[in-house]
Amino acid sequence: AQKWLHKVGIKNPQKVMASYPWELSEGECQKVMIAMAVANQPRLLIADEPTNSMELSTQAQIFRLLSQLNQLQHVSILIISHELETLAQWCDHLSVLYCGQVMESGPTEELIASPYHPYTKALLENMPDYSGIKGHKAIMPTLPGSAPALQHLPIGCRLGPRCPEAQKKCVSQPNLSHLKDRYFACHFPYHSEPTNDDSTA
């Protein structure tokens with residue numbers, strides 16, 4: 001146990017092992033959880049919001065640790081997060097979901113440089129911009145409407161009622177189409193027609 005705590009960056013494993021969780025910082029608790037998860041040397045580690053509500057410096061530390069586990073221990077890591085900026089920095093491959101439906105998936109650099117799905121495009125366009133000074137109570141750009149309740153999901157494409165490109169055809173659920181190493185589920189994607197037939201993955 002001490003060996004794994006040391007591997008995940010705990011500087012004083014003996015002290016941590018003798019501590020209660022409430023005596024440790026959020027970052028240390030997260031590192032302990034990661035040590036527990038990788039102690040059996042899994043091939044896949046699923047990290048669901050691994051840095052939720054942490055300070056930026058602690059977030060960076062946890063993501064560096066996950067990156068090292070991926071490269072040095074050969075652990076594949078699936079990160080689930082709503083922080084697109086962070087995922088873009090640390091992930092090789094992105095899958096964008098909305099209300100449980102896959103909207104788009106592909107290599108991170110390609111997906112960010114040229115999104116096919118209106119939802120991905122809206123996420124990228126509406127990311128916070130910290131470069132300028134915003135006016136007091138300035139309205140942040142967002143998609144119109146709000147996410148539906150799980151009991152009342154729209155038929156067809158779940159983004160349909162909020163989508164800027166929505167048309168009548170969107171009441172039928174689009175198949176997951178494949179173009180090279182990209183996947184997308186949209187009747188009106190932002191690109192030329194796929195070279196092969198639609199396929200469901």
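This is a predicted model: local features need pLDDT of at least 70, side-chain atom pairs count only at pLDDT 80 or more; totals for chains, interfaces and linings use all residues.
E49 sits in the loop that runs between strand 1 and helix 4. Its backbone has a positive phi of about 45 degrees, although E49 is not a glycine.

T51 is placed in the loop between strand 1 (44-48) and helix 4. T51 counts as buried because its relative accessibility is 3%, and buried means under 20%. Leaving out residues up to four places away in sequence, T51 touches Q30, Q59, I62, F63 and E83.

## Overall fold and confidence

The protein chain contains 7 helices and 6 strands. Their order along the sequence is α-α-α-β-α-β-α-β-β-α-α-β-β. The C-alpha trace spans about 65 × 45 × 35 Å along its principal axes. The chain has 201 residues, of which 34% are buried. Its accessible surface is about 13300 Å², and carbon and sulfur atoms account for 53% of that area. Of the contacts between residues at least 6 apart in sequence, 46% join residues at least 24 apart.

The average pLDDT of the protein chain is 87, and 94% of the residues score at least 70. Confidence is highest in strand 3, at 96, and lowest in helix 4, at a mean of 86. Over residues 194-201 the pLDDT stays under 50. For that stretch the model has 15 contacts beyond four places in sequence.

## The largest pocket

The largest pocket has a volume of about 1100 Å³. Its lining is made up of 33 residues, and those closest to the pocket centre are I79, S81, L87, C91 and L94. Two or more lining residues come from each of helix 4 (56-72), strand 2 (76-80), helix 5 (84-90), strand 3 (93-98) and helix 7 (118-125).

Strand 3 gives the most to this lining, with 6 residues. Strand 3 is also the element with the highest confidence in the protein chain. By class, the lining of the largest pocket has 20 nonpolar, 9 polar and 4 charged residues.

## The second largest pocket

The second largest pocket has a volume of about 280 Å³. It is lined by 18 residues, with I10, S25, G27, E28 and K31 the closest to its centre. Helix 2 (13-17), helix 3 (26-38) and helix 4 each supply at least two residues of the lining.

Helix 3 provides the largest share, 4 residues. The lining of the second largest pocket divides into 4 nonpolar, 7 polar and 7 charged residues. Helix 4 is on the list of contributors for the largest pocket and on that for the second largest pocket.

## The enclosed cavity

Rolling a probe the size of a water molecule over the atoms shows where empty space is left. A search of the whole structure finds 1 cavity of 30 Å³ or more. The largest cavity has a volume of about 50 Å³.

The residues that line the largest cavity are H117, C157, G160, C163, C170, P174, C186 and H187. By class they divide into 5 nonpolar, 3 polar and no charged residues.

## On either side of strand 3

D92 lies in the loop between helix 5 and strand 3. D92 is exposed because its relative accessible area is 69%, and exposed means over 50%. Apart from neighbours within four places in sequence, D92 is in contact with P107 and T108. The C-alpha atoms of D92 and E109 are separated by 7.8 Å, and these two residues are 17 residues apart along the chain.

C99 is in the loop between strand 3 and strand 4 (101-107). C99 has a positive phi of about 50 degrees although it is not a glycine. A positive phi is also found at E49, at about 45 degrees.

Note on methods. Residues are numbered from 1 along each chain as its sequence is written. Side-chain values use heavy atoms; hydrogens and water are left out. On a 1 Å grid over the protein atoms alone, a cavity is a set of points where a 1.4 Å probe fits but cannot get out, and a pocket is an open set with protein on both sides within 12 Å along at least five of seven lines; lining residues have an atom within 4 Å of a point. Grid points are joined across faces, edges and corners, and a volume is the space filled by probe spheres set on the points. Ala, Val, Leu, Ile, Met, Phe, Trp, Tyr, Cys and Pro count as nonpolar, Asp, Glu, Lys and Arg as charged, and the others, Gly among them, as polar. Buried means under 20% relative accessible area, exposed over 50%, partly exposed in between (1.4 Å probe, protein chains only). Contact means heavy atoms within 4.5 Å. Accessible areas come from the Shrake-Rupley method with a 1.4 Å probe; for residues, only the protein chains shown count as cover. pLDDT is the predictor's confidence in each residue, from 0 to 100.
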